[in-house]
Amino acid sequence: MLIYLLKMIACSAAFYGLYALLFRNEKMLVFNRFYLLAALIASCIIPFIRFTVYITGNANPILNLVEQPIKEQYGWFDYTMTALAMTSVLGSTILLVRFIKNLLSLKRRVKNSYKSLDFKGAKIILLRKPVVPHSFLNTIFLNSDEYEGQYIEKEVLEHELAHVRQRHSWDVLFVEILQIFCWFNPLIYLYKRSIKINHELLADAVVVKELDNMRSYQHILLQRAGAQPSPALASSFHFLITKKRIIMLQKKVNPAIAGLKATLGLPLLALLFFVFSERVYGQVVQE
């Protein structure tokens with residue numbers, strides 16, 4: 001089990017290294033979204049893969065086999081592995097409780113809402129207390145005074161609607177669930193942060209395309225940069241990457257370079273498959 005965990009961490013580190021080196025600062029937003037999710041899945045699967053390598057050899061019967069009784073011995077390694085397993089279960093339990101608590105918190109927000117409205121196929125929930133605009137699944141959460149006083153810009157509403165339509169909450173839920181079981185992998189936290197950042201960039205791109213006013217939107221980003229944080233599972237208009245978001249809005253895409261970089265994920269996948277999958281050797285006997 002320890003070998004599997006080490007292989008999984010190594011795979012996730014290699015995939016994230018390629019992302020940080022080649023993809024993170026490119027405007028390959030849709031590709032980056034699916035690359036990060038696929039990298040996490042592949043990192044979990046590759047160490048499980050087993051294939052057989054056959055070698056040729058002569059038939060040499062082994063004679064006089066003597067069965068020796070095997071004594072069960074427990075040493076420091078066994079106790080260490082038991083302690084690690086218990087720590088892993090404890091950490092997973094704590095994160096599972098936290099995950100359920102966050103879900104219930106969002107459910108309470110809906111239940112205790114001041115008013116519910118339909119908005120372009122999504123649902124707007126108005127809350128009495130001060131809240132940063134954020135979304136979860138098909139629901140957008142807003143402060144009632146800001147919304148009814150028309151202080152919430154249309155760009156903000158379109159941004160949250162983009163999160164809903166592109167189903168970003170499912171990505172967040174997937175990573176949160178994976179984190180419950182793989183919390184000891186330090187790379188999971190980098191993936192989680194990068195996925196959320198990419199969600200913000202994807203939503204920004206939709207707003208600029210729909211409303212065609214980049215300068216006005218950049219001004220709104222700067223105005224809302226100091227807002228309070230949103231719930232852990234929500235997609236929020238505010239995320240602490242305002243500078244990067246403004247830079248990426250102005251960045252142009254070179255399809256040829258983007259396509260070339262994207263293909264480099266395949267050699268890495270093949271290399272990791274070769275290095276970290278399990279090989280079982282079988283013998284083809286020649287008479």
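Author: Helix α10 (residues 255-263) and helix α11 (residues 265-276) pack with their axes 4 Å apart, at an angle of about 5 degrees. Here helices are DSSP runs of H or I with at least four residues, numbered from the N terminus, and axes are lines fitted to C-alpha atoms over the stretch in contact, with angles from 0 to 180 degrees between N-to-C directions. The two helices α10 and α11 are therefore roughly parallel to each other, a term for angles under 35 degrees. On the α10 side the contact is made by Lys261, Ala262 and Thr263, and on the α11 side by Gly265, Leu266 and Pro267; contact means heavy atoms within 4.5 Å.

The model is predicted: local features need pLDDT of at least 70 and side-chain atom pairs count only at pLDDT 80 or more, while totals for chains, interfaces and linings use all residues. Residues are numbered from 1 along each chain as its sequence is written, and side-chain values use heavy atoms, with hydrogens and water left out.

Lys261 also forms a salt bridge with Glu26, their closest N and O atoms being 2.9 Å apart. A salt bridge is a side-chain nitrogen of Lys or Arg within 4 Å of a carboxyl oxygen of Asp or Glu. Because Lys261 lies in helix α10 and Glu26 in the loop between α1 and α2, the pair ties together parts that are 235 residues apart in sequence. Lys261 is buried, with a relative accessible area of 18%, whereas Glu26 is partly exposed at 21%. Buried means under 20% relative accessible area, exposed over 50%, and partly exposed in between, with a 1.4 Å probe and protein chains only.

In total the structure holds 9 salt bridges. Side chains of opposite charge can pair when their charged atoms come close. Arg98 is partly exposed at 31% relative accessibility, and Glu176 is buried at 2%. Together with Lys192, Arg98 and Glu176 are linked in a network of salt bridges.

Helix α2 (residues 29-45) also contains Leu29, which is buried with a relative accessible area of 9%. Beyond residues up to four places away in sequence, Leu29 touches Asn198, Leu201, Leu202, Ala205 and Met248. The C-alpha atoms of Leu29 and Glu200 are 9.9 Å apart in space, although 171 residues separate them in sequence.

Met8 is found in helix α1 and is buried, with a relative accessible area of 2%. The C-alpha atoms of Met8 and Phe276 are separated by 8.5 Å, and the two residues are 268 apart along the chain. Apart from neighbours within four places in sequence, the contacts of Met8 include Ser43, Cys44 and Pro47, as well as Cys182, Phe184 and Asn185.

How values were computed:
Parallel < 35°, antiparallel > 145°, perpendicular 65-115°, else oblique.
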